[in-house]
Amino acid sequence: MPKDGGIGASTTRREDVRFLTGTGTYTADINTYGQVSAIFVRSNVANGIIKSIDTSAAEAMPGVLAVFTGADFADVGGNPAGWLINSRNGEPMKEPKRPVLAHGKVRHVGDAYAAVIAETEQQARDAAEEIIADIEELPAVVDMAAALAGDNFVHDEIGTNQCFDWGWIEDNRAATDAAIKAAPHVTTLELVNNRLVPNAMEPRASIGTYNRAADSYVLQTTSQNPHMTRLLISAFVLGIPENKLTVIAPDVGGGFGSKIYHYGEEALVLAAAKKVGRPVKWVADRTEAFLSDAHGRDHVTKIELACEKDGTFIAFRTETMANVGAYLSNFATVTPTYLHGTLMAGNYTVPNVYVNVKAVFTNTAPVDAYRGAGRPEATYSIERVIDMTARELGMDPVELRRKNFIKPDQYPFASAAGLEYDSGNYDALMDKIESLIDRAGFAARRTASEAKGKLRGLGINSYVEACGIAPSNLIGILGARVGLYDAATVRVNATGNISVMVGAHSHGQGHETVFPQIVADMLGIDASTIDIVHGDTSKIPFGMGTYGSRSLAVCGSAMVRATEKIIVKATKIAAHMLEDTPENVDFSDGQFKVKGTNRSVSFGEVALKAYIPHEYPIENIEPGLEETAFYDPANFTYPSGAYACEVEVDPETGKVTVESFTAVDDFGNVMNPMIVTGQVHGGLGQGIGQALLENASYDANGQLLSASYMDYIMPRADDLPFYRVDHSQGTPCTHNPLGVKGCGEAGAIGSPATVVNAVIDALQSGGKNVTHIDMPLTPARVWAAMNNA
Amino acid sequence: MYAFEIERPSTIADAVKALTQEDAQALGGGQTLIPTLKARLAMPATLVSLTGIGEMQGICLADDGAVCIGGATTHATVAKEAAAHYPGLAALAAHIGDPAVRNRGTIGGSLANNDPSACYPAAALGSGATIITNARQIAADDYFEGMFATALNEGEVITEVRFPVPQKAHYEKFVQPASRFALVGVFVAKYADGVRVAVTGASENGVFRWTEAEEALSANFDKSALEGLSVAADGMIADLHGSSAYRAHLVKVITGRAVAAAA
């Protein structure tokens with residue numbers, strides 16, 4: 001291992017030097033000569049006809065350079081969904097156009113219908129208030145069931161609020177129905193997977209710049225995947241050729257999914273930059289973030305678990321309504337389908353699984369992938385209904401799970417929901433967690449809580465999820481409109497240090513630290529001599545971005561492949577220098593050595609030779625030492641885990657306190673344990689937040705009631721326990737070179753059910769006849785459930 | 001934010017004069033007003049900052065033992081300097097908002113704003129405090145007039161608040177989990193002549209005295225004295241964070257906890 005940390009070292013995060021000292025460069029920090037400001041005018045009604053927009057007074061205001069409305073973009077393309085979903089009857093999903101600015105109708109509170117460009121932000125805000133829009137408010141479509149039943153359409157032209165009616169796997173439907181009908185025991189649970197606002201610390205921001213001489217554009221923007229943003233703008237929205245558009249995502253202060261997507265504001269600042277001939281900058285305020293960032297989750301689900309009297313699972317059947325909001329965001333259609341339905345067999349050998357998902361348009365902000373993206377919804381449904389089944393059968397919930405676990409000798413395992421799990425050991429995870437949490441001591445802890453007047457509960461559950469998306473050929477068959485490979489270029493400089501250009505974008509994950517650890521390990525050189533370049537489409541190979549816990553599994557694999565190519569070429573050069581054949585030269589610890597001799601050259605000497613090719617076999621080997629690899633994964637990866645939570649409930653107030661939380665995860669091989677632990681901590685914070693605190697709540701008129709931190713409950717440090725995190729039970733992924741699975745979302749996927757199961761356990765122990773409470777389990781909701789109020 | 005002028009008078013007299021200007025608005029610590037301005041929800045022509053007025057700063061004891069707090073005194077100062085004289089009040093101040101709020105926010109600003117979920121109104125009403133302005137003295141019982149409404153006249157400035165010190169007191173706050181304001185906060189104070197119970201956060205009319213509890217606790221200052229009492233849900237706030245029935249229930253629970261903790 002390199003002396004400053006290779007694979008497996010808890011190297012401290014080099015990017016934290018700038019993040020923790022206030023010296024990062026976020027989009028809002030960038031100020032360009034001549035820049036002007038853009039301000040968006042957003043609808044304050046959820047549904048309305050734009051009868052007229054009078055911009056003349058605004059245009060006459062001081063400093064105003066231009067005013068845009070939807071009419072200015074009526075002829076350009078729309079921002080598309082990235083995945084075509086076909087309904088059970090074979091019909092393709094409904095895809096109403098998502099415009100740059102609302103035109104004809106506004107469809108949610110926060111829907112932008114005009115934009116003002118002015119010399120200063122203050123002038124733009126002043127002018128925005130002078131825009132006179134005559135918007136005839138219409139009744140809002142908010143509730144999904146009502147949206148499906150009614151004839152008030154979010155998009156009149158499609159004549160329905162149903163985007164699609166998807167069945168997975170449709171061929172299993174009849175068998176699943178029959179199995180449930182014949183089953184000795186069926187547990188049914190109706191639940192809501194609450195809508196969340198991503199709340200990245202940094203709001204969205206974009207700067208558009210136009211170069212008239214070259215007829216080219218630069219977009220600096222808060223993006224998790226600049227290449228996809230460029231592709232969408234080029235191919236679908238504005239038609240700017242890809243070679244004329246550079247997209248740069250500089251430091252990005254968190255995304256959690258919300259910055260995967262292309263938003264209209266990005267197109268606007270580009271179009272505006274060309275029109276006014278100045279760089280145009282927009283920085284969202286927090287209210288805009290609440291109203292216009294893509295939200296997460298928002299499912300209403302009925303799940304049934306059928307089993308034998310002894311607890312052997314027979315079938316899972318799920319019916320879900322998934323809210324997609326007013327417009328289809330880029331991943332809105334894949335999230336509730338292939339990222340959700342395919343996981344509905346969980347960790348279990350259940351033979352029958354059927355999932356029906358109806359995606360529903362409503363007059364609310366678009367809903368898309370948010371940390372976990374479909375898998376939290378799947379895990380929550382499965383692991384809640386299993387606990388309920390255990391209670392009904394009088395079985396221990398852990399024993400019921402173990403009885404149905406896929407066993408270690410069954411891999412590769414074809415799940416009844418259509419995936420092939422490559423590896424795992426769920427019993428080992430459960431063994432580990434039962435020992436870590438002192439399960440035997442729980443009864444005494446419960447007694448101690450009761451002595452304080454509190455009810456104590458324990459929740460333990462499993463999860464399995466799918467990361468490292470995805471094999472392009474497979475997802476192409478399933479409707480994906482993109483490939484999901486990734487790419488890396490390893491550039492060895494003449495003096496032996498290295499720049500690695502990666503397709504994945506780092507916005508808090510720690511790529512700048514971990515990726516060099518891996519290359520350093522492979523080349524036997526110090527990680528400090530390696531740097532990562534990311535986020536700039538003019539510098540990096542075409543990458544598909546960072547989401548779905550895919551960066552290491554996919555882009556990291558590309559980087560490994562490129563580094564392997566470097567070693568192959570460097571070995572040829574070294575063989576020439578050593579006057580031997582490549583087959584006779586070994587490479588280890590940064591040294592090329594002729595087998596069985598002490599004749600060697602260092603990696604640095606070889607690099608120098610590659611760039612100063614004197615006495616060089618130029619007819620056989622090109623100069624230079626730079627290699628690119630694209631990596632398209634053979635399968636998803638399948639992280640899994642066992643989570644345990646103990647809570648106390650105050651029966652007088654309904655307040656839930658998380659007393660402990662333990663996470664045992666199988667992420668395969670772990671490259672940097674400290675960073676992995678941090679990722680789990682962050683995911684758990686969001687999962688516990690979903691379970692107890694967070695909720696994007698719309699009223700019947702489509703007004704977002706929780707549109708600020710006065711009403712949207714963000715988890716704070718004192719809401720969360722000290723976590724116990726373990727990743728000692730990893731089973732390496734079998735199909736990627738590092739054996740890694742991905743750790744970014746697991747905490748948010750596995751934990752909501754753990755918390756809710758623990759609360760229900762606590763209430764039951766107190767004699768309360770409560771079998772389910774919908775998240776978030778706020779004090780008021782828990783109290784109401786206890787008191788049937 | 002819209003553009004505005006700002007004045008920083010150093011005397012109460014100058015502040016009062018400045019506030020006679022058209023669309024002038026007093027600025028205390030700005031913990032409510034500044035966010036309101038940032039959201040363009042208010043458009044004062046002139047802000048008159050009160051925090052530079054020396055005679056409105058600090059804490060002292062009156063001859064009758066009452067704790068006198070200057071209207072521009074921050075929560076952090078009260079938390080620190082009132083602790084020896086009126087620990088129940090100091091503890092309340094120590095748990096308002098977060099450190100940034102406590103180092104900027106002022107007692108006068110809080111009472112003038114009379115947010116229905118703020119903490120200080122409960123202390124003032126629960127202590128039978130006297131609100132002293134540039135023009136007059138107002139008993140707390142006459143001062144609070146409902147949500148965001150007070151007896152203050154246009155341009156009137158709270159220069160001092162005078163708190164009689166009880167034998168025992170405690171403020172118990174059950175927080176609204178997002179804002180961390182009081183979902184229900186109860187200030188209980190036991191004086192020689194009886195007990196006062198003031199409730200914030202719960203009522204659509206802002207802070208109020210729970211007189212039935214006061215009577216019961218005056219007879220027997222023990223949590224058990226509340227048994228059999230209840231608060232009507234009628235008139236209680238109902239919102240995302242709790243129904244009116246929940247708040248009414250909490251008033252009793254939190255009052256009991258305040259009594260149990262009173263010292």
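In this predicted model, the contact between the two chains takes 16 residues from chain A and twelve residues from chain B. On the chain B side, helix H10 (residues 244-261) gives the most, with four residues. That side of chain B, where it touches chain A, has eight nonpolar and four polar residues, and no charged residues.

**Domains of chain B**

- Chain B is divided into domain 1 (5-49), domain 2 (54-163) and domain 3 (168-261).
- The centres of domain 1 and domain 2 of chain B, taken over C-alpha atoms, are separated by 19 Å.
- Domain 1 of chain B brings 13 residues to its contact with domain 2 of chain B, which brings 18 residues.
- Helix H1 (residues 12-18) of chain B supplies the largest share of the domain 1 side of this contact, namely three residues.
- The residues on the domain 1 side that touches domain 2 of chain B divide into eight polar, five nonpolar and no charged.

**A helix pair in chain A**

- In chain A, the axes of helix H15 (residues 551-577) and helix H16 (residues 603-611) come within 9 Å and cross at roughly 90°.
- Angles of 65 to 115 degrees count as roughly perpendicular, and H15(A) and H16(A) are therefore roughly perpendicular to each other.
- H15(A) makes the contact through Ala570(A), Ile573(A), Ala574(A) and Met577(A), while H16(A) contributes Phe603(A), Val606(A), Lys609(A) and Ala610(A).
- By class, the contact of H15(A) with H16(A) has seven nonpolar residues, one charged residue and no polar residues.

Notes:
Residues numbered from 1 in each chain as written. Chains lettered and ligands numbered in written order. Predicted model: local features only at pLDDT ≥ 70, side-chain atom pairs only at ≥ 80, totals over all residues. Contact = placed C-beta atoms within 7 Å. Helix = DSSP H or I, 4+ residues; strand = E, 2+ residues; numbered from the N terminus. Nonpolar A, V, L, I, M, F, W, Y, C, P; charged D, E, K, R; others polar. Domains from an automatic or database assignment. Axes fitted to C-alpha atoms, helices over the stretch in contact; angles between N-to-C directions. Parallel < 35°, antiparallel > 145°, perpendicular 65-115°, else oblique.
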